[in-house]
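Please take a look at the chain below.

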Amino acid sequence: MKETGLAVLDKKNKAAEPYLFISLNKDVTYLQQTADDILYLATGTGLYRMHLSSKRIDTIKGLENMYVRSMYAPRTDEVWISTYEDGFFLYHRDSLTSFPPDRDNYLSATHCIVEDNRGFLWLTTNKGLFQVAKNDLLAYAKNQEQPLYYHYYDKSAGFNTNEFNGGCQPCAVKLGSGYVSLPSLNGLVFFNPDSIRPGLPGNALFLDKIEMDNRALDKSELVHLPGQFGQIKFYISSPYTGNKKNLHISYTLAGKNLSPVWLPLPEDGAISFSVLPAGSYTLIVRKLNGFGKDNYTQKNIEWVIAPAWYETTWFYTACILLLIICMWLFIRFRFKYIKNRNRVLEKIVTTKTKELQRQTEIQDKIIRSVSHDIQTPLQYQKLLAQKLYNGLLSDGNPSTIEPAKILSDSAHRLFYMVENLLKYLKVQMAEGPGCTETIGLFALVEEKLMIFKEIAAEKGTIIINNIPAELILPGDRQLLSVMLHNIIDNAVKVTRKGRIDINAGLADGRVCIAVEDTGPGMHASLQEWINTAAGISTGEKEIAAPHGIGLMMVKELAVLTGAGLRVNSIPEKGTCFSVFFMI
């Protein structure tokens with residue numbers, strides 16, 4: 001019952017009517033029962049197995065979306081399957097085997113499979129009839145490298161037609177007399193397969209001729225073929241008076257790094273090769289003699305292609321020698337170039353060294369000159385201004401006391417600024433800090449307070465040294481002195497009627513010196529410049545350096561001594577300037 005399901009009719013009851021056994025959405029094309037409880041259903045979209053007792057249906061994997069034409073089941077575990085456009089199969093013990101097509105691919109549309117009494121299967125197609133040994137097919141199912149021999153019959157064998165039909169059940173009828181009836185376009189075909197003796201191609205293989213670039217070659221020339229040729233052809237034949245489609249001849253080329261690939265012999269019998277590298281080759285030609293395992297004739301043709309001039313040993317040797325010579329020349333010229341380059345660089349270095357020496361000498365002279373010609377008069381001027389101020393102060397003349405005070409403070413600041421600048425320049429010329437010594441921080445700060453206490457007192461500011469007397473720090477005393485001088489000086493400048501506390505302590509393996517004032521606070525951009533590691537850029541915007549030289553000197557000397565700087569400031573409440581030293 002097409003498109004509806006599978007119906008059952010009790011053939012023992014003449015009055016019985018078919019009834020629906022199971023609903024199916026498949027177009028059933030063939031039925032084959034292999035056991036009491038097993039029924040195979042062939043459809044246009046695959047093969048299915050139904051258990052009659054439970055009505056459970058299993059899909060036979062591997063045949064999905066194939067048009068199953070017919071089935072032949074001589075045993076419960078052996079089902080031969082023909083399909084339309086996909087060849088024929090064996091379903092044996094839950095394993096599916098697909099068999100290779102014939103040379104012309106006629107077996108792709110196999111209508112029917114019928115077995116004779118001599119162990120052969122006969123397969124009908126639209127283009128003729130095929131005979132194949134069943135044992136050969138079973139052997140192929142176990143080892144798919146076993147070649148198969150199909151014997152082909154068409155109208156030349158005595159049949160009235162080549163077009164055998166399918167799509168019916170049964171697809172063939174085997175009579176008790178041994179005859180087989182097959183449907184065809186010209187009616188039913190009757191023949192007795194047991195009486196047919198096929199003419200098998202059992203003759204030998206022959207090498208008729210050899211051609212290279214349209215020139216005939218003798219077989220003796222195969223041992224030394226030239227390295228460069230366009231094409232070489234081997235003409236193979238085997239005498240056979242039957243249907244040429246039963247002449248199954250294939251060939252493969254064996255040689256170094258070649259995987260065997262079997263190809264069918266062309267109809268003209270010519271096997272051609274071109275563009276092959278030098279080496280030894282074996283042309284293997286094989287012809288199936290008929291049914292049965294390993295029933296074939298094989299012919300081996302050996303030939304050698306001589307290496308081209310660029311593939312010979314002397315050519316490789318010459319290339320290696322040439323490469324060695326080129327490398328030697330390259331190394332020689334490169335070495336010569338490097339030597340010349342080094343001479344030029346030496347001259348440049350010598351010139352630059354002389355220039356640097358001259359600049360160093362000039363800087364040294366300038367520093368000595370500043371120390372002698374500027375610092376000494378400044379020191380004298382400072383002392384003189386202080387003496388003048390003290391004298392006027394004792395006289396009590398208000399009109400001259402203030403200018404004398406300004407002159408004294410200016411000379412005082414100028415003297416220490418020049419002194420710190422000279423120390424900084426000496427460090428820069430030495431390219432690093434000097435000797436390391438043990439520094440008493442309390443005493444060092446007291447020295448600085450002797451300089452700044454009077455100036456701070458005149459502004460109404462007090463400076464308090466809170467550093468413990470026993471706290472010491474290893475380092476360069478001169479550099480630390482310059483750094484503290486500039487930090488305290490900056491605090492004194494901005495603090496009026498306030499307080500400056502100098503603290504120090506040890507924490508986490510570091511000594512921290514903090515100068516904290518109660519001045520108006522530090523500008524945010526200046527804080528960012530000090531707190532930034534490089535003191536130049538934050539990566540997104542440029543940070544301007546301070547206009548004065550004091551904080552710049554502190555920043556540079558912190559880098560030289562490996563110290564860390566940190567400024568925390570609150571507007572109108574004060575600033576805390578911290579210096580961290582590792583110990």
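Which residues touch the most other members of the largest nonpolar core?

## Model and conventions

This is a predicted model: local features need pLDDT of at least 70, side-chain atom pairs count only at pLDDT 80 or more, and totals for chains, interfaces and linings use all residues. Residues are numbered from 1 along each chain as its sequence is written, and side-chain values use heavy atoms, with hydrogens and water left out.

## Cores

L441, L480, I530 and F577 touch the most other members of the largest nonpolar core, which has 43 residues. A nonpolar core is a set of buried Ala, Val, Leu, Ile, Met, Phe, Trp, Tyr and Cys residues joined through side-chain atoms within 4.5 Å. Buried means under 20% relative accessible area, with a 1.4 Å probe and protein chains only. Elements that each supply at least two residues include α4 (441-458), α5 (477-494) and β32 (574-582). Helices (H or I, at least four residues) and strands (E, at least two) are DSSP runs, numbered from the N terminus. The largest share, 9 residues, comes from α5.

Leaving aside neighbours within four places in sequence, L480 is in contact (heavy atoms within 4.5 Å) with I439, L441, L444, L473, I513 and F581. A second, separate core has 33 residues, among them Y30, A133, C171 and L288.

## Helix α6

The buried residues of α6 are L526, Q527, W529 and I530. They lie on the same side of α6, because they cover an arc of only 160° around the axis. The arc is that of the directions from the helix axis to the C-beta atoms. Their cover includes α7, β31 and β32.

## A four-stranded sheet

An open sheet of 4 strands runs in the order β11-β12-β13-β14, with antiparallel pairing. Strands pair if DSSP finds at least two bridges between them. β11 (112-115) and β14 (151-153) each have a single partner strand, so one side of each is left without a neighbour in the sheet. Neighbouring strands are turned by 25° against each other on average, direction ignored.

β11 and β12 (residues 120-125) pair over 4 bridges. V114 stands opposite W122 in β12. Helix α1 (residues 134-142) lies across β11, β12 and β13 (128-133), at about 70° to β13. Axes are lines fitted to C-alpha atoms, for helices over the stretch in contact, and angles run from 0 to 180 degrees between N-to-C directions.

## Whole chain

The chain has 7 helices and 32 strands. Buried residues make up 41% of its 583 residues.

Technical notes:
Buried means under 20% relative accessible area, exposed over 50%, partly exposed in between (1.4 Å probe, protein chains only).
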